[in-house]
Amino acid sequence: MIAAGSRLRQIGWAVVLTVCVAGFVLLTFRVNAVKSEVRLAEREIIALEREKALLEIEFESRANQQQLADWNRLEFGYLAPQADQYLENERQLASLSVPRSIDAPDPIRVAHTAVESEDEGIIAMVSPLTGKPPEAASPDDGDRPHGKPLSAKRSLSDRLAIESPLKSPSAEVAQ
């Protein structure tokens, strides 16, 4: 009898614990659902605030346009351009110009050259040291110090010992 009561008590606690865990899981899901709804509402609020700001800017700019149009019409007497005020080409525009005055600055000029042929469209590269194209300048023409070409085949000590254009060794190597 005591064992049956103890067994019944354990089953009761297991049922209560299971109900509590199930309640906790349901509550967690409900909280996450509410959080998701809150995030969506916040995003909508931000989108509506941005739209409101854009509409305010639009309203202010249109109000300024109306004010500028009123000023142009009443204060300055400006009107919209008529069809006969448009120019057909650059010659008509040039005919409206006046001669340059004596103290006027020089006009800005742009250099332009025509390409003779399709093949000569790219300018040949030249060496800044020899003034010759790269295929004409050979690496073994003897202008290097000690008459040796620069290459990775030489040892580091030989490459460091090459005299610079300032006629001093770039490093001393201990032997």
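This note goes through the fold, the surface and the side-chain contacts of a predicted model.

1. Basis. The model is predicted, so local features need pLDDT of at least 70 and side-chain atom pairs count only at pLDDT 80 or more, while totals for chains, interfaces and linings use all residues. Residues are numbered from 1 along each chain as its sequence is written, and side-chain values use heavy atoms, with hydrogens and water left out.

2. Fold. The protein chain has 3 helices and 0 strands, in the order α-α-α along the sequence. Helices (H or I, at least four residues) and strands (E, at least two) are DSSP runs, numbered from the N terminus. Helix α1 covers residues 2–76, and a loop runs between α2 (90–95) and α3 (156–160).

3. Of the 175 residues, 1% count as buried; buried means under 20% relative accessible area, exposed over 50%, and partly exposed in between (1.4 Å probe, protein chains only). The chain exposes about 17100 Å², of which carbon and sulfur atoms supply 61%.

4. Nonpolar patch. Leu17, Val21, Phe24, Val25, Leu26 and Phe29 form a nonpolar patch on the surface, with about 650 Å² of accessible area together. Such a patch joins nonpolar side chains (Val, Leu, Ile, Met, Phe, Trp, Tyr) within 5 Å, from residues with over 30% relative accessible area and no salt bridge. Valine 21 lies in helix α1 and is partly exposed, at 46%.

5. Salt bridges. The count is 4, a salt bridge being a side-chain nitrogen of Lys or Arg within 4 Å of a carboxyl oxygen of Asp or Glu. One of them joins glutamate 56 and lysine 52, at 3.9 Å; both residues lie in helix α1, 4 residues apart, about one turn of the helix. Another joins arginine 73 and aspartate 70, at 2.9 Å. Because arginine 73 and aspartate 70 are 3 residues apart in helix α1, about one helical turn separates them. Arginine 73 is partly exposed at 49%, as is aspartate 70 at 24%.

6. Loop contact. Aspartate 103 lies in the loop between α2 and α3 and is exposed, at 71%. Its side chain makes a polar contact with the side chain of serine 101 at 3.0 Å. A polar contact is a pair of N or O atoms within 3.5 Å; within protein, one must be able to donate a hydrogen and the other to accept it, and residues adjacent in sequence count only if both atoms are side-chain atoms.

Definitions and conventions
Accessible areas come from the Shrake-Rupley method with a 1.4 Å probe; for residues, only the protein chains shown count as cover. Patches are made of residues with over 30% relative accessible area and no salt bridge: like charges are joined within 9 Å, nonpolar side chains (Val, Leu, Ile, Met, Phe, Trp, Tyr) within 5 Å.
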